[in-house]
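User: Hi! Could you walk me through this model? I have a few quick questions about it.

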Amino acid sequence: MNTTFRTLMGACALAALSAGAFAETITVATVNNGDMIRMQGLMDDFYAKHPDIEVEWVTLEENVLRQRVTQDVATKGGQFDVMTIGTYEVPIWGERGWLVSLNDLPDSYDIDDILPAIRDGLTVDDELYAAPFYGESSMVMYRTDLMEKAGLTMPEAPTWDFMKEAAAAMTDKEGEVYGICLRGKAGWGENMAFLTAMSNSFGAKWFDMDWKPQFDSEEWKTTLNFYLDLMNNYGPPGASGNGFNENLSLFQTGKCGMWIDATVAASFVTNPNDSSVADSVGFALAPDNGLGKRGNWLWAWNLGIPAGTQKVDAAKAFVEWATSKEYTALVASKEGWANVPPGTRQSLYMNEEYQKVPFAKMTLESILSADPQHPTVDEVPYVGVQFVAIPEFQGLGTAVGQQFSAALAGQMSAEQALDNAQKLTEREMMKAGYIK
């Protein structure tokens, strides 16, 4: 080996070691949903663009993720550099100065392309505090073969009464097919996301204009009893432990006739690699009761940067990459347009290839029909469709969710669950100074 060649090889080795030595490592906390798992498999593209940044993942179940990131951001602990957070947290945390503004993302990122319904929920005083990875509403996903066998036709905009009729007709407990699967796992973002959105369509509300809790109302009684009747008669066993992922698995294995949940699930239930019923899935808007509100929510899983991080530039580089138009095109090139993160950009819904995806139109209609500024039939002092946008709701929603999950498990009556919900909510709202 001549001297020049040895010198060149030594220089290359030194450069490689230097690159590794000076790479900045950021920690990303994320939920264990399919789109986030998919992103982790596409990191080669990020590393090719940013060889000076390494990413470590902390992937957690939804309720655990919320606990961990809330504790870290409130104390500016610096454990995470990028957090996957929801539409509920972003405006509250942004207003408190807990998140880094993203207004300085480059022009090429095209912030104006983000759907206004999604962007507005992530903005405080004209500052964007998180970038949406995917946006969603909720809708009905159903087995077209079972619906046909039952002699029924799913309307594009069904009522709750039709849902009950169809659930009864589809249920075959001996064959382990259940007419309807709904969230039962306790949590403000689990069963209470579903039940709060459902209650809106029944004319219920969390609070009146004086912030007095309303769980003693006839509307909430009707909502909870209808839900329990559906689940006890036509739902799967053990439903009080089922959240998004558990119901997804049930639907994909052919055990659910209908499932009302996040629009983002559409790509998973129609993917033949994962779903045994992929070729027999139809979609409809979330149900209503003729009162002017449908039982669908509005949500986005977003990437935010906590103010406690010391690695803002590297964190912004990751957020920009993961929520860009280019990332969408990357997923489409690897796994097809049906599997791209939905619900965030206007350009996606103008894309002719994406318009061919069977659930694209219904997803967009569901997102646009949700109105977080006017979520209920009656006037209320809060915004948010499946949550109440006050800091206390995270604890309140989970506490109420535990009561309703216990009722679903048969541990108490609907009447007792509502009475408990009323009392605990009154107590906490008094403690927080909303009511006397």
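**Cavities, pockets and a disulfide**

Analyst: Happy to! The second largest cavity has a volume of about 50 Å³. On a 1 Å grid over the protein atoms alone, a cavity is a set of points where a 1.4 Å probe fits but cannot get out, and lining residues have an atom within 4 Å of a point. Grid points are joined across faces, edges and corners, and a volume is the space filled by probe spheres set on the points. This is a predicted model, where local features need pLDDT of at least 70 and side-chain atom pairs count only at pLDDT 80 or more, while totals for chains, interfaces and linings use all residues. Residues are numbered from 1 along each chain as its sequence is written, and side-chain values use heavy atoms, with hydrogens and water left out.

User: Which residues line the second largest cavity?

Analyst: Its lining is made up of Pro132, Phe133, Ala322, Thr323, Ser324, Tyr327, Thr328, Pro341, Thr344 and Arg345. Strand 6 and helix 14 (325–335) are the elements that give two or more residues to that lining. Helices (H or I, at least four residues) and strands (E, at least two) are DSSP runs, numbered from the N terminus. By class, the lining of the second largest cavity has 5 nonpolar, 4 polar and 1 charged residues. Here Ala, Val, Leu, Ile, Met, Phe, Trp, Tyr, Cys and Pro count as nonpolar, Asp, Glu, Lys and Arg as charged, and the others, Gly among them, as polar.

User: How many cavities of 30 Å³ or more are there in the whole structure?

Analyst: The search finds 4 cavities of 30 Å³ or more. The largest cavity holds about 130 Å³ of space. It is lined by 16 residues, and Glu62, Glu136, Arg183, Gly189 and Trp299 lie nearest its centre. Helix 4 (62–75), strand 6 and strand 10 each supply at least two residues of the largest cavity's lining. That lining has 9 nonpolar, 3 polar and 4 charged residues.

User: OK, on to pockets. What is the volume of the largest pocket?

Analyst: About 490 Å³. A pocket is an open set of points with protein on both sides within 12 Å along at least five of seven lines. The largest pocket has 25 lining residues, of which Asp120, Gly121, Pro372, Gln373 and Val383 lie nearest its centre. Helix 5 (89–95), helix 6 (116–119) and strand 10 (298–304) each contribute at least two residues to the lining.

User: Is Ser217 buried or exposed?

Analyst: Ser217 is buried, with a relative accessible area of 13%. Buried means under 20% relative accessible area, exposed over 50%, and partly exposed in between (1.4 Å probe, protein chains only). Ser217 is found in the loop between helix 9 (191–201) and helix 10.

User: Changing topic: which cysteines form a disulfide?

Analyst: Cys181 and Cys256 do, with their sulfur atoms 2.0 Å apart. A disulfide is a pair of cysteine sulfur atoms within 2.5 Å, and the count by this rule is 1 disulfide. Cys181 lies in strand 7 and Cys256 in strand 8, so the pair ties together parts that are 75 residues apart in sequence.

User: Why is the disulfide of Cys181 and Cys256 called left-handed?

Analyst: The torsion about its S-S bond is about -85°, so the disulfide is left-handed. Cys181 and Cys256 are both buried.
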